[in-house]
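This report describes a predicted model. Please consult the sequence and the structure shown here while reading.

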Amino acid sequence: MTALWLMFSAAFVAATLLPGGSEVLLVALLNEAKENWFALVVAATIGNTLGSVTSYYLGSLGRFATTPEAMAKGRYRHSISLIQRYGYWSLLLAWAPLIGDLLCLLAGWMKLSVVKSTLMIFMGKGVRYLLVAAIALHWL
């Protein structure tokens with residue numbers, strides 16, 4: 001049970017703006033208890049998703065700090081155009097290094113549906129953790 005809370009917590013922190021290596025921890029925990037692979041993947045996915053939803057809500061609060069015009073002209077314009085083009089589907093990339101956290105923040109800032117956004121974030125992150133587990137367990 002401790003391993004699941006550790007995995008959940010590490011994944012949550014890794015999904016916020018704080019650096020973290022939840023994939024490394026997942027592999028280490030899988031090496032210790034291969035039979036718990038499913039529970040570890042679920043804990044990592046839920047923790048990482050909730051961390052990204054936290055970023056989403058922080059982005060929605062950021063809407064009060066700046067105008068849409070200022071954001072569209074700034075350094076976030078490429079990420080904004082990605083979200084404008086693909087909507088909540090772009091959040092399937094919430095797991096990606098460098099842009100994932102930003103996409104979640106901007107989704108909140110742009111007032112995308114929280115339910116659809118959370119579903120896309122969950123699916124993308126779940127697939128990523130399944131792939132990490134499959135590689136660690138030599139299934140691929």
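Which residues lie nearest the centre of the largest pocket?

## The largest pocket

Of the 17 residues that line the largest pocket, Ala14, Trp95, Ala96, Pro97 and Asp101 lie nearest its centre. The volume of this pocket comes to about 290 Å³, and its lining divides into nine nonpolar, four polar and four charged residues.

Several helices contribute to this lining, with at least two residues supplied by each of helix 1, helix 2, helix 6 (100-109) and helix 7 (114-136).

Thr16 is found in the loop that runs between helix 1 (2-15) and helix 2 (22-32). With a relative accessible area of 14%, Thr16 falls under the 20% cut-off and is therefore counted as buried.

A polar atom of the Thr16 side chain lies 2.7 Å from the backbone oxygen of Val13. When residues up to four places away in sequence are left aside, Thr16 touches Gly51, Ser55 and Asp101; Asp101 is also among the residues nearest the centre of the largest pocket.

## Overall fold

The protein contains seven helices and zero strands, so that the order of elements from the N terminus reads α-α-α-α-α-α-α. Of the contacts between residues at least 6 apart in sequence, 76% join residues at least 24 apart.

The C-alpha trace spans about 50 × 25 × 25 Å along its principal axes. The radius of gyration is 16 Å, which agrees with the value near 14 Å that a compact globule of 140 residues would have. Buried residues account for 39% of the 140 residues.

Technical notes
Residues are numbered from 1 along each chain as its sequence is written. This is a predicted model: local features need pLDDT of at least 70, side-chain atom pairs count only at pLDDT 80 or more; totals for chains, interfaces and linings use all residues. Side-chain values use heavy atoms; hydrogens and water are left out. Helices (H or I, at least four residues) and strands (E, at least two) are DSSP runs, numbered from the N terminus. Buried means under 20% relative accessible area, exposed over 50%, partly exposed in between (1.4 Å probe, protein chains only). A polar contact is a pair of N or O atoms within 3.5 Å; within protein, one must be able to donate a hydrogen and the other to accept it, and residues adjacent in sequence count only if both atoms are side-chain atoms. Contact means heavy atoms within 4.5 Å. On a 1 Å grid over the protein atoms alone, a cavity is a set of points where a 1.4 Å probe fits but cannot get out, and a pocket is an open set with protein on both sides within 12 Å along at least five of seven lines; lining residues have an atom within 4 Å of a point. Grid points are joined across faces, edges and corners, and a volume is the space filled by probe spheres set on the points. Ala, Val, Leu, Ile, Met, Phe, Trp, Tyr, Cys and Pro count as nonpolar, Asp, Glu, Lys and Arg as charged, and the others, Gly among them, as polar. The radius of gyration is taken over C-alpha atoms; the globule rule is 2.2 Å times the number of residues to the power 0.38.
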